[in-house]
Amino acid sequence: MTMELGLLLLESVLLAATVALLVYGIREGKQRYRLLEEVGKATKVFMRQEYFLSLMDAMLDAQREIVGCITGRPPLGDDIKTTRNIVDAIAKMSAKGVRIMYLLPKFPDRLPIGIRYTKAGAEVRFSSCLMVHNIRFTVVDERIVVLGIPESVGEREATKKGYRIPSEGLALVLKNYFNTCEKQATLREYLREVIEQTGATPEHLAREFGVDETALKAFLT
């Protein structure tokens, strides 16, 4: 074997080892990324669950009044069960005589939540004012505030986490914003507005948003 052939073989072996290490490094990097991604997802779920647990606890402690400014986004995945629990809490507290009011942004896809909350006993209104697109909160008995924080800027972004703040001052400020938010419409008024603007019939809306047609028509009459 000549020296040139030996060097060529050695170079080939080193090249193969380098390629193998490169492939291994890429694979390890992908696995590390997946791991970090899963940890991030788990953290997000935990923080959202913490927010909703704080919200439920505050609602069930209410004695007189619950006032909320919420996104009313259609629930997906685990949020479906959470929404069901909130509806149950609204029905329970409403039966006890607690007044419950919610303000939602004027987006047609928020109608299903508005209908469900109304059927459970809440007073639901819709508005296009700036506040309802930029802040999420629930005020309980003018003394407890559960403040929701979105994942990123935007009225359509999901709430990532929340804070429970025992502050009568902040509660009064937020309730005042709630009451002074302009262009508030009742569920019936907003339903009629959507029908007039889109030309859709109650049957179309019921199919589009997956709500009970009879219940939807009842809100219009």
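**Entry 1: α3 against α8**

I started with the packing of α3 and helix α8 (residues 213-220) in this predicted model. The two helices pack at an angle of about 80 degrees. I noted 11 Å between their axes. Angles of 65 to 115 degrees count as roughly perpendicular, and α3 and α8 are therefore put down as roughly perpendicular to each other.

I then listed who touches whom. From α3, I found I115, T118 and K119 in the contact. From α8, the residues are A215, L216 and F219. I sorted the residues of this contact by type: four are nonpolar, one is polar and one is charged.

**Entry 2: α3 against α6**

Next I looked up the packing of α3 (residues 111-120) with helix α6 (residues 187-198). Here I read an angle of about 150 degrees. The axes are 11 Å apart. The cut-off for roughly antiparallel is over 145 degrees, and α3 and α6 are therefore roughly antiparallel to each other. I also checked the hand of the crossing of α3 and α6, and it is left-handed.

Which residues make the contact between α3 and α6? On the α3 side I wrote down L111, G114, I115 and T118. On the α6 side I have L187, Y190, L191 and V194. By type, the contact of α3 with α6 divides into six nonpolar residues and two polar ones, with no charged residue.

I put the two lists together.

**Entry 3: β1 and β2**

I moved on to the strands. Strand β1 (residues 65-69) and β2 run parallel, and I count five bridges joining them. For E65, I looked up the bridge partner in β2 and found R99.

Is β2 buried or exposed? Six of the seven residues of β2 (residues 99-105) are buried, so I noted this strand as largely enclosed by the rest of the structure.

**Entry 4: V139**

I picked V139, which lies in strand β4 (residues 136-140). Its relative accessible area is 2%. Buried means under 20%, so V139 is buried.

What does V139 touch, leaving out residues up to four places away in sequence? My list has E65, I66, V67, I144, V145, A171 and L174. E65, one of these, is the residue I had paired with R99 of β2. I also looked at the C-alpha atoms of V139 and L174. They are separated by 7.6 Å, and the two residues sit 35 residues apart along the chain.

I went through the loop between β4 and β5 (144-150), where D141 is placed. E142 lies in the loop between β4 and β5 too. D141 is not a glycine, yet I read a positive phi of about 55 degrees. For E142, also not a glycine, I again read a positive phi of about 55 degrees.

Accessibility came next. D141 has 3% relative accessibility and counts as buried. E142 has 28% and counts as partly exposed.

**Entry 5: the whole chain**

I have eight helices and seven strands in the chain. Of the 221 residues, 37% are buried.

Note on methods:
Residues are numbered from 1 along each chain as its sequence is written. This is a predicted model: local features need pLDDT of at least 70, side-chain atom pairs count only at pLDDT 80 or more; totals for chains, interfaces and linings use all residues. Side-chain values use heavy atoms; hydrogens and water are left out. Axes are lines fitted to C-alpha atoms, for helices over the stretch in contact, and angles run from 0 to 180 degrees between N-to-C directions. Helices (H or I, at least four residues) and strands (E, at least two) are DSSP runs, numbered from the N terminus. Angles under 35 degrees count as roughly parallel, over 145 as roughly antiparallel, 65 to 115 as roughly perpendicular and the rest as oblique. A crossing is left-handed if the near helix is turned anticlockwise from the far one by less than a right angle, and right-handed if clockwise. Contact means heavy atoms within 4.5 Å. Ala, Val, Leu, Ile, Met, Phe, Trp, Tyr, Cys and Pro count as nonpolar, Asp, Glu, Lys and Arg as charged, and the others, Gly among them, as polar. Buried means under 20% relative accessible area, exposed over 50%, partly exposed in between (1.4 Å probe, protein chains only). Two strands pair if DSSP finds at least two bridges between them.
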